[in-house]
Amino acid sequence: MKKLLKKMKKRFKDDIEFARAHGFEGVMLPVYEEQESIYLESSYCTDALEDMAFENGWSDFVVLDFTADSEKIVKINH
């Protein structure tokens, strides 16, 4: 799991830096899909995050929450 997080942070380094610099509370990163990240303007519950991922066709994603200084991998079971 730590390897995946490290890989995701490297792959989306510019997006993460942009989100932090512009005051976003977090960022959602697709694990397998070649899509762009989603900047989070506020904290969201897991259900809301899963809905956003579903709308974008993502099966798994990483959430970096800057306000809580946390990171987690979320797997969606469709």
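**View A. Phe-61 is a buried residue that forms an aromatic pair with Trp-58.** In this predicted model, the relative accessibility of Phe-61 is 0%, which places this residue among the buried ones (buried means under 20% relative accessible area, exposed over 50% and partly exposed in between, with a 1.4 Å probe and protein chains only). Trp-58 is likewise buried, at a relative accessible area of 1%. The two rings lie 6.4 Å apart, centre to centre, and with 50° between their planes the pair counts as tilted (rings of Phe, Tyr and Trp, the latter by its six-membered ring, pair if their centres lie within 6.5 Å; planes under 30 degrees apart are stacked, those over 60 edge-to-face and the rest tilted). The structure holds 3 aromatic pairs, and elsewhere ring pairs join Phe-18, Phe-24 and Tyr-39 into a cluster. Residue numbers start from 1 along each chain as its sequence is written, and side-chain values use heavy atoms, with hydrogens and water left out. Because the model is predicted, local features need pLDDT of at least 70 and side-chain atom pairs count only at pLDDT 80 or more, whereas totals for chains, interfaces and linings use all residues.

View B. Leaving out residues up to four places away in sequence, Met-28 touches Ser-37, Ile-38, Leu-40, Leu-49, Met-52, Ala-53, Trp-58, Phe-61, Val-62 and Val-63 (a contact means heavy atoms within 4.5 Å). Both partners of the tilted ring pair, Trp-58 and Phe-61, are thus among the residues that Met-28 touches. Lys-2, which is 26 residues from Met-28 in sequence, lies 17 Å from Met-28 in space, C-alpha to C-alpha.

**View C. The largest nonpolar core comprises 11 residues.** Its members are Leu-5, Met-8, Phe-12, Ile-16, Ala-19, Val-27, Leu-29, Val-31, Val-62, Leu-64 and Phe-66 (a nonpolar core is a set of buried Ala, Val, Leu, Ile, Met, Phe, Trp, Tyr and Cys residues joined through side-chain atoms within 4.5 Å). At least two residues of this core come from each of helix H1 (2-11), helix H2 (13-21), strand E1 (26-30) and strand E3 (60-65). A second, separate core holds 9 residues, including Met-28, Ile-38, Leu-40 and Leu-49. In soluble globular proteins, nonpolar side chains tend to be buried together. Phe-66, a member of the largest core, touches Ile-16, Ala-19, Arg-20, Phe-24, Glu-25, Gly-26 and Val-27, when residues up to four places away in sequence are not counted.

**View D. Helix H3 has buried residues along one face and exposed residues on the other side.** In H3, which spans residues 46-55, Leu-49, Met-52 and Ala-53 are buried. Seen down the helix axis, these buried residues fall within an arc of 100°, so they line one face of H3 (the arc is that of the directions from the helix axis to the C-beta atoms). They pack against E1, strand E2 (38-40) and E3, while Asp-47, Phe-54 and Glu-55 are exposed on the other side of the helix.

**View E. Gly-57 follows H3 with a positive phi.** This phi is near 75°, and Gly-57 is found in the loop between H3 and E3. With a relative accessible area of 51%, Gly-57 is exposed. The C-alpha atoms of Gly-57 and Lys-10 are separated by 22 Å, the two residues being 47 residues apart along the chain.

View F. Apart from its neighbours within four places in sequence, Lys-72 is in contact with Thr-46, Phe-61, Val-62 and Val-63. One of these, Phe-61, is 11 residues away along the chain, with a C-alpha separation of 8.5 Å from Lys-72.

**View G. The protein as a whole has 3 helices and 4 strands.** From the N terminus on, these elements run α-α-β-β-α-β-β. Of the 78 residues, 36% count as buried. The C-alpha atoms fill a box of roughly 35 × 25 × 20 Å along the principal axes.
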